[in-house]
Amino acid sequence: MSTGIGFDQALTAWREAAPADSRQLDLPVKELLDRFHPDRKRGARSKLVIGPNAGEACPSALTRLLQSDSLLQDVDIAGAPTLEADVLVIGGGGAGCIAALTAARAGARVLVATKLGLGDSNTVMAEGGIQAAVGADDSLQRHFEDTLRAGHFKADKELVAALVSGGPSAIRWLIREGMNFDLAEGSQRMGGTLLRKTPGGASAARLLSYRDFTGLELMRAVREGTLMQSNITILERHPALELLSDDRGRCAGAVLHDLARGRAVVARSAVTVLTTGGSGRLHLAGFPTSNHYGATADGLVLAYRLGARLRDVGSFQYHPTGIAWPGPLEGQLVSEAARSSGAVLVNGLGQRFVDELQPRDIVASAILREIAEGRGVARDGKVGVFLDTPSLERAKPGILARELVTLRNLARRAGFDPAEEPFMIRPTLHYQNGGVEINAAGHTTVPGLLAAGEVTGGLHGRNRMMGNALLELVVFGRLAGASAAADARRERPRNVGLTHLADWRRAMESQRLPLDRKAPLLFPSYSNFDPVRDRRRGA
Amino acid sequence: MNAVLTAPEIQVVADLPGWLAVGGGEGLKNALADPDAIVPTIEAAGLRGLGGAGFPTHRKWAAVAAQPPNPEGGGKWIVCNGNEDEPGTFKDRFLLSRTPHQVIEGALIAAVAVRANHIALYVNPREDQSVVALRLSAIAWAAHPLLDQVAELVGSPVELHVCESSGLYVGGEETAAVANVMGGFPFPSLKPPYPAERGVHGAPTLLNNVETLAHVPHILRHGAHWYRELGLGNAVGTKLYSLSGDVLRPGLHELPMGTSLRELVFGYGGGMLAGKGFKAVFTGGPSNTLLTDRDLDIALDFDSLAARGSRLGTGAMIVVGEGTSILRKTAEYVAFFAANSCGQCPSCKIGTHQVSRLLERIDAGAGRPADLEALENFTRLLPGSGRCGLVDGAATVLASSLATFRSEYEQAVRHG
Amino acid sequence: MATARLVIDGHPIEGEPGTSLLQAWVAAGLPLTENVGCMGQGVCGACRVLVRRPGERLAQTGLACETLVEDGLQVAFINLSRGSRPHPYDLHALGDSWDAIARIDELFPEAERCRHCGGCDSACPKGIQVQQMVNLAAVGQTYAAAELFDDCVQCNLCVAACPEHIDPAHLGQLVRRMTAAMTLRPSDLIMRLHELEAGEQPIDLDAPGARPPAPDAEDAR
């Protein structure tokens with residue numbers, strides 16, 4: 001990262017120019033993205049040489065993980081306690097809980113295995129809202145086209161159609177589970193209308209929300225529902241180490257690691273639903289992340305090793321406004337609500353440099369360009385640009401206290417007053433756009449393995465719209481849960497074991513890939529945790 | 001030796017004439033004859049609080065005597081604390097159900113000494129025999145001329161109230177008892193103010209344990225010297241030891257204060273059950289430092305145990321033999337404290353619950369070495385962090401068990 | 001500002017000023033696999049701690065991602081599993097809202113035994129008036145109770161704090177969920193759902209807007 005303009009000097013420049021005039025990008029979007037979007041940085045990417053996506057490139061750190069060996073040998077599961085279920089759900093965030101609830105209500109015996117605690121996930125951190133085309137001025141078609149356009153037309157149309165069609169009934173489902181939504185001002189709880197905001201890149205107001213913690217409100221209702229549902233057994237602190245396979249290549253459950261006891265547990269199931277979320281905690285290209293602690297790409301690794309095809313796996317979303325300074329808060333999110341309310345971005349020279357309401361990938365790339373070309377703001381070794389909250393407050397007095405509560409709390413923790421001093425922000429690794437390929441019923445390319453939520457790919461193309469992540473996990477969590485319960489009645493795996501690992505290791509050896517590289521990671525590199533050593537403890 | 005509090009002839013239950021016929025009332029008469037001599041006599045006898053604290057009784061009495069009565073609060077109060085709910089302690093229920101009159105007479109003598117006109121007989125409602133005995137006894141005293149003499153000296157009518165406590169362990173703490181006597185939930189409160197200054201309904205209040213008050217009529221009758229001579233070594237009087245656990249003859253033993261642990265366990269207690277080896281003793285609450293086989297010759301009195309770094313507590317001695325897990329026992333006791341924390345202080349309720357969870361996890365074989373460090377952390381973080389001493393008791397028994405039987409814990413986390 | 005010296009779960013730790021307890025813990029090289037989640041946003045409620053400050057008698061509860069290091073702090077993590085269901089209920093089987101309010105008592109019978117110790121209020125890291133919520137819920141003032149619980153992050157510290165086993169966090173969620181499930185009926189959503197049932201919102205996969213506007217230059221890459 002290049003150095004920038006000193007903070008004090010930048011602050012003076014900002015004060016003199018505030019409020020800064022708007023300025024259009026002086027670079028074509030394609031060139032901006034090609035030169036500055038982290039996904040497109042050459043050298044930081046490498047090609048996969050084994051597995052279903054061999055020949056495709058993805059970030060080197062992820063390539064290394066995808067092409068690594070299992071943490072397990074066959075002998076490790078000898079004598080391990082065994083659990084049986086119709087449906088095994090791996091991951092206890094929004095998608096996992098919803099898939100589990102749906103499957104259990106359809107009569108399946110469900111096991112939910114989660115690495116952290118139930119609900120401790122990216123879902124709970126989502127602030128902005130959930131998209132659903134409910135307005136009279138809106139339509140499913142608009143939502144469909146907006147989503148495709150934001151993703152640069154790289155998304156799977158069938159999946160997007162399923163996503164937007166499931167929107168309104170997803171909201172009804174959430175309300176039935178006890179989730180609250182904001183209503184339009186002056187509106188009544190019965191017969192009123194929902195409060196709708198316009199997410200970046202949308203052609204209609206479509207973002208539904210609950211204050212500025214929509215994800216928390218969603219997770220609270222769904223977590224509680226999962227907890228209360230009979231037929232669901234919850235295993236907290238039980239990350240998956242490896243999927244189980246049968247002799248026809250069907251997924252047959254997973255080997256879990258009981259963190260409390262440091263030992264393997266074999267969870268056999270007719271159907272497995274992967275809802276492990278994203279991978280922000282890989283800190284690709286050295287970026288900070290807004291993700292929760294468990295986002296380490298475990299699901300991608302497990303699915304790929306069993307032969308599931310991935311798609312758009314090199315595509316990540318860098319949220320434009322992560323905290324750049326102070327260090328301890330680095331990577332935490334300043335909600336998009338700040339920009340959609342009118343806060344502008346200003347470089348170290350006091351200039352605006354992009355239309356702040358462009359899609360996230362463009363705004364993020366524009367910020368990275370300012371930093372790369374020396375126009376960023378430098379403070380205590382951190383470089384970013386200003387998010388001009390003081391000018392916003394002057395233009396709309398009281399807005400910080402009234403509408404941007406979380407933002408104000410963040411500033412308080414950083415030790416400054418956002419009405420007086422601008423935030424220092426920088427893009428933060430926010431979302432895994434691609435992932436395990438699925439169809440509109442939630443099936444992956446591996447029989448017996450389904451997936452839902454951030455771990456999947458195809459819905460967002462190269463860029464995700466705000467509000468589509470929460471919608472995705474509800475719509476596809478439900479679809480995958482229903483499919484899983486139905487599939488579990490049809491066929492059960494036979495001759496279950498770790499047979500796929502031999503094939504995998506042969507492939508690794510043939511490409512001279514080092515077998516001492518193990519995955520999944522389970523926890524970030526700085527967790528001071530070694531799953532191999534931990535497993536020996538329980539032996 | 002000759003039993004004092006548990007002598008068979010005084011076990012007359014609520015029969016007041018029966019009590020007076022075996023020397024009852026003599027102490028009270030002596031007190032009435034020379035009220036100013038009461039506190040000095042108690043001081044000379046060396047009587048200390050037998051509910052667990054071991055605080056010199058005469059100092060409490062002198063403190064309450066020195067306070068002016070509070071008319072709005074009813075004057076002055078005495079609370080005879082019979083809440084007794086500690087695991088392994090079963091002495092007060094014996095006294096209240098078998099010989100309630102010596103306790104009431106002790107309270108009346110205290111009333112004379114401090115000029116108190118309200119006496120609350122605060123009793124655990126789960127001990128129904130104690131409750132019945134106290135109710136009948138209070139009625140008997142109310143009709144007796146001796147009570148009028150007490151009232152005359154105090155300067156106003158003296159009322160005996162039988163107050164059924166909440167039955168909760170925490171209600172034995174003195175500020176909690178005050179709150180409970182006033183009809184509220186037994187929430188402990190920060191001291192000061194001490195009950196001696198502001199207790200029941202804001203009035204100066206003297207709180208004494210049942211066993212402490214039971215000794216008073218005997219001291220006033222036979223004199224301080226007689227009382228002192230009952231003890232062994234430097235210790236004074238007799239003590240009711242509640243002996244339980246892995247011994248052949250558990251039960252209540254009234255012995256000279258200062259009897260050795262060996263004599264209690266292997267003499268009066270008949271030795272270890274099934275010939276097991278002696279391992280340790282949880283004393284008091286059980287909220288104190290454990291005693292081990294190195295301590296068998298220790299004298300079971302306040303000062304000797306304090307010198308050892310432990311405490312006599314209520315005189316409960318829960319004996320643990322080989323084959324019984326200290327870890328398991330500690331887990332049980334900490335769970336008891338966690339369940340009985342009143343809820344006001346997060347450190348106490350949540351802290352003891354967390355300790356309890358860690359102990360259960362270790363005992364279940366799912367512990368890890370770091371859990372021991374987390375436990376030790378609690379032994380430093382928790383003490384003194386509550387309004388009352390409940391959390392301290394839990395921390396003390398945990399710290400002692402961890403320090404003394406470390407190998408049991410280490411084995412559990414290694415082979416877990 | 002100087003480095004803060006503190007103790008977490010028995011480990012002496014030096015923390016850089018401005019860092020959270022969680023950050024200081026991992027920076028000290030200690031393994032972190034539980035009591036962690038959102039890592040700073042303060043919304044997942046997983047990193048519960050008991051903290052005692054030097055010179056203070058009573059200890060306080062908090063979230064480790066939101067509590068900054070200070071000299072002399074004594075800290076202990078509090079593990080609380082959320083994977084148990086002490087007060088099970090089926091939101092969809094509560095009957096209509098006439099019955100449901102009365103059923104709060106059946107589902108959470110302990111609520112009316114609140115002893116008013118205030119422990120839940122002291123324990124809540126979000127400053128929620130938990131006890132007030134319990135008392136309102138116990139007398140059927142469901143909506144008022146639900147509003148008080150708006151900021152709950154389900155850390156369950158109030159559950160651990162409650163000596164009467166009321167389970168305030170779950171009672172709070174019950175009243176919140178009830179009010180949404182039984183009273184929220186937005187007309188725009190209902191109208192759209194009717195349209196969908198009537199097949200009035202078809203999606204044209206090949207509409208002009210569903211195709212890249214020009215030969216997609218990005219494909220050439």
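Modeller: Happy to. Buried area is the accessible area (1.4 Å probe) that two parts lose on being put together, summed over both. Two notes before we go on. This is a predicted model, in which local features need pLDDT of at least 70 and side-chain atom pairs count only at pLDDT 80 or more, while totals for chains, interfaces and linings use all residues. Residues are numbered from 1 along each chain as its sequence is written, chains are lettered from A and ligands numbered from 1 in the order in which they are written, and side-chain values use heavy atoms, with hydrogens and water left out.

Let us start with who takes part. With contact meaning heavy atoms within 4.5 Å, chain C brings 73 residues to the interface and chain A brings 80 residues. The interface of these two chains holds 7 salt bridges, each being a side-chain nitrogen of Lys or Arg within 4 Å of a carboxyl oxygen of Asp or Glu. One of the salt bridges is made by A:Arg211 and C:Asp150, whose side chains meet at 2.4 Å, N to O. There are also 40 residue pairs in polar contact between chain C and chain A, both residues at pLDDT 80 or more; a polar contact is a pair of N or O atoms within 3.5 Å, where, within protein, one must be able to donate a hydrogen and the other to accept it, and residues adjacent in sequence count only if both atoms are side-chain atoms.

Helices here are DSSP runs of H or I with at least four residues, strands are runs of E with at least two, and both are numbered from the N terminus. Helix 7 of chain C gives the most to this side, with 8 residues. By class, the side of chain C that touches chain A divides into 33 nonpolar, 21 polar and 19 charged residues. Here Ala, Val, Leu, Ile, Met, Phe, Trp, Tyr, Cys and Pro count as nonpolar, Asp, Glu, Lys and Arg as charged, and the others, Gly among them, as polar.

A:Pro19 lies in the loop between helix 1 (7-17) and helix 2 (29-36) of chain A.

Now for chain C by itself. Its domain assignment, which is automatic or from a database, gives domain 1 (4-77) and domain 2 (91-183). The centres of the two domains, taken over C-alpha atoms, are 28 Å apart. Contact between them involves 9 residues of domain 1 and 8 residues of domain 2. The two domains of chain C bury about 600 Å² between them, 55% of it on carbon and sulfur atoms. C:Arg48, C:Thr61 and C:Leu63 supply 57% of the area that domain 1 buries against domain 2, more than any other three residues. Between the domains there is 1 salt bridge: C:Glu66 pairs with C:Lys126, the closest N and O atoms being 3.3 Å apart. Strand 4 (residues 60-63) of chain C gives the most to the side of domain 1 that touches domain 2, with 3 residues. That side of domain 1 has 3 nonpolar, 4 polar and 2 charged residues.

Finally, the contact of chain B with chain A. Chain B and chain A each put 5 residues into it, and they bury about 440 Å² between them, 29% of it on carbon and sulfur atoms. The count here is 1 salt bridge, formed by B:Arg368 and A:Asp534 with their closest N and O atoms 3.2 Å apart. The side of chain B that touches chain A divides into 2 nonpolar, 2 polar and 1 charged.
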